[in-house]
Amino acid sequence: MATVPSVSYSITIRLEVPAGGKAVSQLTHAVEHAGGVVTALDVSNAGHEKLRIDVTCAARDADHVQEIVDGLSRVEGVTIHKVSDRTFLMHLGGKIEMNSKVPLRNRDELSMAYTPGVARVSMAIARNPEDARRLTIKRNSVAVVTDGSAVLGLGNIGPAAALPVMEGKAALFKRFAGIDAWPICLDTQDVDEIVRAVQLISPGFGGINLEDISAPRCFEVERRLRELLDIPVFHDDQHGTAICVLAALTNALKVVGKELPHVRIAMAGAGAAGSAVLRLLLAAGAKDVIVCDYRGAIHEGRDDLDDSLRWIAENTNSGNYTGDLRGALEGADVFIGVSAPGILTGEDIARMADDAIVFALANPEPEVSPDEAREYAAVVATGRSDYPNQINNVLAFPGVFRGLLDAQAKEVTEEMLLAAARALASVVTDDELGPNYIIPSVFHPDVAHVVATAVRETARGGLPATDLAEYRTGDRE
Ligand SMILES: NC(=O)c1ccc[n+]([C@@H]2O[C@H](COP(=O)([O-])OP(=O)(O)OC[C@H]3O[C@@H](n4cnc5c(N)ncnc54)[C@H](O)[C@@H]3O)[C@@H](O)[C@H]2O)c1
Ligand SMILES: O=C(O)C[C@H](O)C(=O)O
């Protein structure tokens with residue numbers, strides 16, 4: 001449960017007050033007294049006797065909304081009319097739509113955009129399939145595919161309930177990278193069926209973004225699709241997270257004056273996010289990592305290792321540590337959590353090395369309270385927008401796909417992920433860098449462009465060893 005009012009619980013309360021009395025001035029006080037935050041107060045109708053007012057405020061949760069409404073109804077002369085949840089209002093009818101780019105004003109235009117004119121274009125593509133990228137939406141389209149099995153922190157809620165999240169993702173693709181992304185919610189959680197379904201729809205897309213498919217099935221779905229398809233397949237929960245974590249860690253290490261190959265890293269979480277974060281950290285030069293899951297450290301002696309955990313056991317934990325996460329934190333320079341809420345306390349962080357770095361990324365509640373962690377660690381990041389250093393995949397996936405589409409890439413490589421992470425880190429300049437600014441805001445105007453450039457150039461055969469600063473705002477063509 002949230003402890004502070006949040007815009008995700010933003011409500012508008014329509015009410016009436018007597019025109020002449022003191023009620024108006026008491027409205028804000030009543031909301032604040034109930035612990036809410038007023039964000040707008042609009043008079044929507046003014047009569048001689050009554051004023052109709054829309055009070056918009058942020059609340060903590062549904063019970064808190066009721067407390068605020070009760071508080072307002074106790075103000076003398078107030079009549080409550082309607083309480084609207086603005087988040088739900090925003091979702092009425094869905095968040096995205098399709099638009100035609102061509103005018104269809106007369107028979108002439110109709111005959112070109114559709115039959116008979118379109119037939120010549122179809123035949124051109126039939127003769128030369130590569131023309132699909134030039135003459136259709138394929139060049140700018142991404143399928144956002146889920147089976148609804150691991151949606152945000154909500155778990156296995158199924159394909160229909162996943163749709164608002166996938167629509168949101170599509171909206172972010174458009175907002176940050178101009179990409180037309182389509183939510184595809186599959187009514188199956190069978191790996192063979194998912195793979196087949198994606199294979200069958202793939203001709204219309206320039207890339208596939210897998211989303212919220214639970215581990216370990218997500219690993220097999222991705223591996224098989226990468227083998228089958230001639231367009232890039234990217235599982236955002238894995239690789240988007242990995243890019244953001246590596247970028248943030250690159251900058252956090254600069255803040256504390258340590259280097260990746262020399263730090264001891266303790267990780268919590270070996271699922272979709274954790275396993276991909278680990279692989280990218282190792283590819284970037286990390287050498288000393290212990291990964292823990294809900295059973296403790298992952299080591300070769302465990303009897304429950306599937307393919308993914310076995311790979312982790314074979315490539316980390318060279319000292320064969322067999323204890324729990326708390327023990328793994330002893331003397332560690334870096335903690336990266338992509339696991340579960342509230343599993344650590346400030347005291348656990350106190351046992352880490354001096355100038356510790358803590359990334360507690362479980363959403364919506366981090367592994368350790370950021371306030372407690374900040375007492376002992378030099379740099380703290382979370383997935384939350386109400387603390388500094390928010391690590392969220394939206395920093396990566398729009399730029400990654402922009403770069404992939406622009407390069408007409410057929411695959412995603414580790415080199416591209418590393419280039420994207422370097423590029424994202426580079427958006428924070430040395431002058432700006434500090435414990436509370438290791439990763440740019442999602443609204444920083446350079447993020448998607450810089451990441452896209454790095455991915456595109458890598459896909460085209462290697463980014464020259466130049467400073468990515470040249471791609472920042474002001475230096476663009
Ligand atoms: N901030 C971000 O950008 C970001 C990105 C991706 C994932 N996440 C968060 O990371 C978490 C994991 O996501 P996922 O998709 O990898 O989930 P997942 O279910 O695939 O993996 C969860 C992992 O956490 C481990 N775990 C559970 N309880 C644990 C405990 N007490 N101690 C140690 N490990 C424990 C599990 O064993 C498993 O390995 C979620 O909370 C998710 O919201 C955040
Ligand atoms: O996709 C996101 O932005 C959320 C993150 O992947 C999460 O699982 O919490």
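**View 1. Ser 149, a buried residue in a loop of the predicted model.** In this predicted model Ser 149 is buried, with a relative accessible area of 7%, where buried means under 20% relative accessible area, exposed means over 50% and partly exposed lies in between, all with a 1.4 Å probe and protein chains only. Ser 149 belongs to the loop between strand S5 (141-146) and helix H7 (158-177); helices (H or I, at least four residues) and strands (E, at least two) are DSSP runs, numbered from the N terminus. The side chains of Ser 149 and Asp 147 are joined by a polar contact of 2.6 Å, a polar contact being a pair of N or O atoms within 3.5 Å, of which, within protein, one must be able to donate a hydrogen and the other to accept it, while residues adjacent in sequence count only if both atoms are side-chain atoms. Residues are numbered from 1 along each chain as its sequence is written, and chains are lettered from A and ligands numbered from 1 in the order in which they are written. Because the model is predicted, local features need pLDDT of at least 70 and side-chain atom pairs count only at pLDDT 80 or more, whereas totals for chains, interfaces and linings use all residues, and side-chain values use heavy atoms, with hydrogens and water left out.

**View 2. The surroundings of ligand 1.** Ligand 1 is surrounded by 21 residues, and the closest are Ala 270, Ala 272, Ala 273, Leu 361 and Ile 391; a residue is near a molecule if one of its heavy atoms lies within 4 Å of it. Ligand 1 taken alone exposes 850 Å², of which the protein buries 74%, the accessible areas coming from the Shrake-Rupley method with a 1.4 Å probe, where for residues only the protein chains shown count as cover. Helix H11 (272-284) and strand S10 (288-293) are the elements that give two or more residues to this shell. By class the shell has 12 nonpolar, 8 polar and 1 charged residues; Ala, Val, Leu, Ile, Met, Phe, Trp, Tyr, Cys and Pro count as nonpolar, Asp, Glu, Lys and Arg as charged, and the others, Gly among them, as polar.

**View 3. The surroundings of ligand 2.** The residues around ligand 2 are Lys 169, Asp 237, Asn 363, Asn 392 and Asn 393, and they divide into no nonpolar, 3 polar and 2 charged. A polar side-chain atom of Asn 363 lies 2.8 Å from an oxygen atom of ligand 2, while for Asp 237 the corresponding distance is 3.4 Å, and for Asn 393 it is 3.4 Å. Taken alone, ligand 2 exposes 270 Å², and the protein buries 73% of that.

**View 4. The largest nonpolar core.** This core has 80 residues, and those with the most contacts inside it are Ile 243, Leu 249, Ile 265, Ile 336 and Phe 359; a nonpolar core is a set of buried Ala, Val, Leu, Ile, Met, Phe, Trp, Tyr and Cys residues joined through side-chain atoms within 4.5 Å. Helix H10 (residues 236-256) provides the largest share of the core, 11 residues. At least three residues come from each of domain 2 (132-231) and domain 3 (238-477), the domain bounds being taken from an automatic or database domain assignment.

View 5. Most residues other than glycine have a negative phi, and most peptide bonds are trans. The peptide bond from Asn 363 to Pro 364 is cis, with omega near -5°, and a cis peptide bond also joins Thr 115 and Pro 116, with omega about 10°. Pro 116 sits in the loop between helix H4 (107-113) and helix H5 (117-127). Asp 212 is not a glycine, yet its phi is positive, near 50°; Asp 212 is buried, with a relative accessible area of 3%. Asn 320, also not a glycine, has a positive phi of about 55°, and at 45% relative accessibility Asn 320 counts as partly exposed.
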